Amino acid sequence: MSQLLEVSGVTVSFDGFRAINNLTFSIGPAELRAIIGPNGAGKSTFMDIVTGKTKPDSGTVTFGEKSASLLKLSEAKIARAGVGRKFQRPTVFEDQTVTENLTLALKAGRNPWRVLGWRSKPADHDRIAALAAQVGLSDHLPRKAGELSHGQKQWLEIAMLLAQEPRLLLVDEPAAGMTLAEREKTTELLVDIAKTRAVVVVEHDMEFVRRLNCRVTVLHDGSVLAEGSLDHVTKNQDVIDVYLGRG
Ligand SMILES: Nc1ncnc2c1ncn2[C@@H]1O[C@H](COP(=O)(O)OP(=O)(O)OP(=O)(O)O)[C@@H](O)[C@H]1O
């Protein structure tokens, strides 16, 4: 299977400190992957590289069937190419309803010019209904986003990202601050999304990662320390030494 994203031999230094060290990572077009690793392992920097926020000192990052390089593209162009990123804290428009938030996301799409001259069409209402249903917010469309629970805000933001039809979704610590029921629902949602697009989840919560039931990449000192099922990587002595055995 050809890969959607390929990161190869990437190195990034900050003031001489190698935050990412010869990192090689790839993910297929409809794959769910969890990234775990101790604090400072390079997880956020990895996502910064893929989204264009940080440019590496060396290595390659390619995306799509044509293996187009992402390294020369701006953050906006990378987003338009199909890379969406969900940060840890929800960033929805609290004073707008769920419908309005989703409408704005659809309006923006991946192409900023679409906002100009955009008119609401029946198809958009269907799309909003489908997005809300996908994230379990069908009954909350008229509510202000600010009234939603933390988990519901996170799902709304995921729906807003889905409105832009990303081919790769990067999700940073989705379980943080969620109730158990919300975490379980989020697991189901991410598994469902990964049936049609690639999803990379950075997460510290091992129970959450276990429920994702996907391939896991362990980062340490900016490189891949181990990769495989959660059971496989948690039996790896290097992983136990640097991560699981601590504290
Ligand atoms: N802009 C920066 N300037 C200097 N050092 C940085 C910068 N960004 C990251 N680092 C360093 O690079 C290393 C990797 O950081 P990164 O935030 O990617 O780790 P992480 O795995 O996401 O950690 P956490 O689990 O705590 O979020 C850390 O040692 C961090 O201090």
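Strand 6 and strand 7 (residues 168-172) pair in the parallel sense over four bridges, where two strands pair if DSSP finds at least two bridges between them. The strands named here (E, at least two residues) and the helices (H or I, at least four residues) are DSSP runs, numbered from the N terminus.

Before moving on, keep in mind that this is a predicted model, in which local features need pLDDT of at least 70, side-chain atom pairs count only at pLDDT 80 or more, and totals for chains, interfaces and linings use all residues. Residues are numbered from 1 along each chain as its sequence is written.

Now widen the selection to the whole sheet, which is open and made of six strands in the order 6-7-8-3-9-10, with mixed pairing. At its edges you will find strand 6 (83-86) and strand 10, each of which pairs on one side only. From one strand to the next, the twist averages 20°, with axes taken as lines fitted to C-alpha atoms, for helices over the stretch in contact, and angles running from 0 to 180 degrees between N-to-C directions.

Next, select strand 9 (residues 215-220), which is largely enclosed by the rest of the structure, because five of its six residues are buried; a residue is buried if 20 or more other C-beta atoms, placed from the backbone, lie within 10 Å of its own, exposed if 12 or fewer, and partly exposed in between. With strand 3, strand 9 pairs in the parallel sense over four bridges, and you can pick out Ile 35 with its bridge partner Thr 217 in strand 9. With strand 10 (residues 223-228), strand 9 pairs in the antiparallel sense over five bridges, and there His 220 has Ser 223 as its bridge partner. These two strands form a hairpin with two residues between them, and Asp 221 in the turn has a positive phi of about 50°.

For the last stop, select Ala 41, in the loop between strand 3 (32-36) and helix 1 (43-50). Is Ala 41 buried or exposed? Ala 41 is buried, because 23 other C-beta atoms lie within 10 Å. Leaving aside neighbours within four places in sequence, Ala 41 is in contact with Leu 219, His 220 and Asp 221, contact being a distance within 7 Å between C-beta atoms placed from the backbone.

Methods: Two residues are in contact if their C-beta atoms, placed from the backbone, lie within 7 Å.
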